[in-house]
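Me: Please take me through how to read the features of a protein model, one at a time.

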Amino acid sequence: MSNVLPFRQRQPAAQLARCEVVAVAGDLLDLLEQLEALSARAAAMGRPPLEVERTVQNLLDAVSAVERALDCIGEGDEAAPG
């Protein structure tokens with residue numbers, strides 16, 4: 001028969017996508033906090049100064065990359081109609 005109705009309603013794809021964006025943004029914020037804390041710990045480790053400098057610089061580059069990813073998510077959220 002062609003008049004069969006489903007038992008449950010599905011969430012709209014836009015709502016599911018929005019939930020996923022929020023989850024990814026939350027994970028990125030957690031990662032950002034971890035990288036910042038790790039940078040502080042790396043700066044205090046008793047290694048040769050050049051090694052510490054390179055390590056901290058690489059971690060700060062990672063922080064910048066995560067921040068750019070968060071900016072992209074924010075821009076995409078603002079650009080898409082709700």
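Me: Which rules hold for the model as a whole?

Reply: This is a predicted model, in which local features need pLDDT of at least 70 and side-chain atom pairs count only at pLDDT 80 or more, while totals for chains, interfaces and linings use all residues. Residues are numbered from 1 along each chain as its sequence is written, and side-chain values use heavy atoms, with hydrogens and water left out.

Me: How many helices and strands does the secondary structure of the chain come to?

Reply: Helices (H or I, at least four residues) and strands (E, at least two) are DSSP runs, numbered from the N terminus. Here the chain has 2 helices and 0 strands.

Me: How do I read burial, and what share of the residues of the chain count as buried?

Reply: Buried means under 20% relative accessible area, exposed means over 50%, and partly exposed lies in between (1.4 Å probe, protein chains only). The areas come from the Shrake-Rupley method with a 1.4 Å probe, and for residues only the protein chains shown count as cover. Of the 82 residues of the chain, 15% are buried. The chain exposes about 6,800 Å², and carbon and sulfur atoms supply 58% of that area.

Me: Is serine 39 buried or exposed?

Reply: Serine 39 counts as buried because its relative accessibility is 7%. Serine 39 belongs to helix H1. A contact means heavy atoms within 4.5 Å. Leaving out residues up to four places away in sequence, serine 39 touches Val56, Leu59 and Leu60. Across the chain, 64% of the contacts between residues at least 6 apart in sequence join residues at least 24 apart.

Me: What separates the C-alpha atoms of glutamine 34 and valine 63?

Reply: Those C-alpha atoms are 9.4 Å apart, and the two residues are 29 residues apart along the chain. Glutamine 34 is in helix H1 and, at 54% relative accessibility, is exposed. A second pair is serine 64 and leucine 32, 32 residues apart along the chain, with their C-alpha atoms separated by 9.0 Å. Serine 64 sits in helix H2 and is partly exposed, at 31%.

Me: Which side chains meet in a salt bridge?

Reply: A salt bridge is a side-chain nitrogen of Lys or Arg within 4 Å of a carboxyl oxygen of Asp or Glu. By this rule the count is 1. The side chains of arginine 47 and glutamate 51 form a salt bridge, at 2.9 Å from N to O. Arginine 47 is partly exposed at 47%, and glutamate 51 is partly exposed at 31%.

Me: Which residues gather in the patch of negative charge on the surface?

Reply: Patches are made of residues with over 30% relative accessible area and no salt bridge; like charges are joined within 9 Å, and nonpolar side chains (Val, Leu, Ile, Met, Phe, Trp, Tyr) within 5 Å. Lys and Arg count as positive and Asp and Glu as negative, with His and the chain ends not counted. The place of a charge is NZ of Lys, CZ of Arg, CG of Asp or CD of Glu. In this model the negative patch holds Glu20, Asp27, Asp30, Glu33, Glu36, Glu67, Asp71 and Glu75. The elements giving two or more residues to this patch are helix H1 (13-43) and helix H2 (49-79). H1 supplies the largest share, 5 residues. Glutamate 67 is placed in helix H2 and is partly exposed, with a relative accessible area of 36%.
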